[in-house]
Amino acid sequence: MSNISLILKQFSRSVLLVAGLALLSNTTFAQADPAKGETIFKAKCTACHKIDSKLVGPALGPQISSETDDAYLVKWIQNSQALIAAKNPKAVKIYDEYNQMAMPPFPDLSEADITNVIAYVREEHKKASAAPAAGAAGATAAAETGPSSILIWGLVGVIVIAFIVILVLNKVIGTLERLLLKNKDLVLEEEVVEGEPVDKFATLKKLAKNKKLMFFVVLCFVIALGSWNWVIMWNTNMHQGYQPVQPIKYSHELHAGAMKIDCQYCHSGAYKSKNASIPSLNVCMNCHKVVKTESPEIHKIYDALGYDPDKGTYDSTQAKPIQWVRIHNLPDFAYFNHSQHVVVGGIKCQQCHGPIQTMPEVYQYSPLTMKWCIQCHKRTEVNFKGNAYYDKMMHVHDLIKKGEKVSAAVMGGLECSKCHY
């Protein structure tokens with residue numbers, strides 16, 4: 001027994017060493033995560049930038065790969081206008097090269113987020129640069145990527161659980177050793193009497209009598225059951241990833257991505273009302289009276305409007321609404337105003353809806369939970385300068401300081417969304 005205990009103690013030290021090394025390696029890889037950077041890049045950067053070709057702004061691959069001062073890049077991405085105002089030579093040069101068109105600030109991105117984006121851009125630019133040489137040589141270089149964080153934390157979890165089990169077994173072995181010392185007459189191996197029935201459950205019965213072992217088993221069961229209940233309750237009524245089948249196969253990847261149609265063209269309500277609104281079929285007909293008229297999906301629009309493409313006439317008696325399936329839905333007690341976030345807050349559509357320009361079929365990208373909203377509100381800094389809404393609020397504060405009367409209309413009481421949800 002003492003030999004087994006010694007072996008287990010030595011093994012437990014090895015487990016602790018492996019766990020420490022796993023945590024250290026995870027910390028090393030956590031410094032920059034290109035995978036997270038890819039998600040942020042597609043959500044916030046693809047509207048103006050590409051990796052290796054010019055779009056609205058410059059190609060990011062050559063720019064970021066040639067820039068060695070990452071601290072400068074972080075400041076530029078968070079608030080390039082502040083660097084320009086401070087007469088930073090690099091910032092002023094880029095500002096002048098692009099006809100004094102300033103890059104919008106991203107104060108909601110942390111330094112770690114921007115570091116991840118930089119790592120992703122450099123990695124993609126490196127792949128693109130190495131592709132021609134690899135093709136000529138007839139070989140493709142494998143990209144070096146860090147191990148999955150889920151795999152590492154899973155490994156650490158297994159090691160920790162194994163270590164706990166080892167500690168418990170050590171305690172059990174120690175208890176058995178003490179019992180052996182107290183009971184000198186105890187026989188370790190009982191001779192089986194011929195003809196006497198063997199109790200197959202003798203070992204289990206002995207383990208069941210061990211109070212410490214049974215307490216550990218019950219404790220693990222309670223923790224596992226409690227964790228499972230917590231996860232179930234926490235994810236109740238969450239629909240992240242929800243992707244229903246729509247009556248018409250409309251591709252945002254084609255319209256918003258390839259065709260570069262602005263979100264406001266179809267969802268004009270996002271800029272002036274509480275709801276983003278579903279575009280009417282007449283908006284579709286602005287193009288599809290002459291574009292893709294042979295498509296079966298476009299004919300679904302014709303049928304819903306009662307439109308005859310051969311005659312170019314509408315029959316209102318044949319018109320019927322299209323039953324779109326709602327994807328993003330908030331509880332009745334939660335009030336969200338699109339115009340307040342888009343116009344006043346300056347939030348891009350992709351910040352909540354994800355890389356919509358890459359989705360063949362739209363799905364719910366964000367969890368839309370209270371915690372998710374609160375985290376965004378904590379990260380987002382309020383920009384008071386040049387904002388008509390906050391200018392109005394400052395004017396109201398000045399009137400109150402002067403002792404003048406302030407009506408509800410001055411406070412925005414005439415806005416439609418104040419009363420009409």
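Where pLDDT is low, the predicted coordinates should not be read in detail. The mean pLDDT of the protein is 79, and 82% of its residues reach 70 or more. Confidence is lowest in helix 1 (residues 2–29), with a mean of 51, and highest in helix 14, at 94. Helices are DSSP runs of H or I with at least four residues, and strands are runs of E with at least two, numbered from the N terminus.

An unreviewed UniProt entry annotates residues 150–169 and 213–234 as "transmembrane region"; such annotations may be inferred rather than shown by experiment. The span 213–234 is 100% helix and 0% strand, and its end C-alpha atoms lie 32 Å apart.

The axes of helix 13 (residues 281–288) and helix 14 (residues 296–305) come within 11 Å and cross at roughly 130°. Axes are lines fitted to C-alpha atoms, for helices over the stretch in contact, and angles run from 0 to 180 degrees between N-to-C directions. The two helices are therefore oblique to each other, a class left over once angles under 35 degrees (roughly parallel), over 145 (roughly antiparallel) and 65 to 115 (roughly perpendicular) are set aside.

Residues are numbered from 1 along each chain as its sequence is written. Local features need pLDDT of at least 70, side-chain atom pairs count only at pLDDT 80 or more, totals for chains, interfaces and linings use all residues, and side-chain values use heavy atoms, with hydrogens and water left out.

Conventions: pLDDT is the predictor's confidence in each residue, from 0 to 100.
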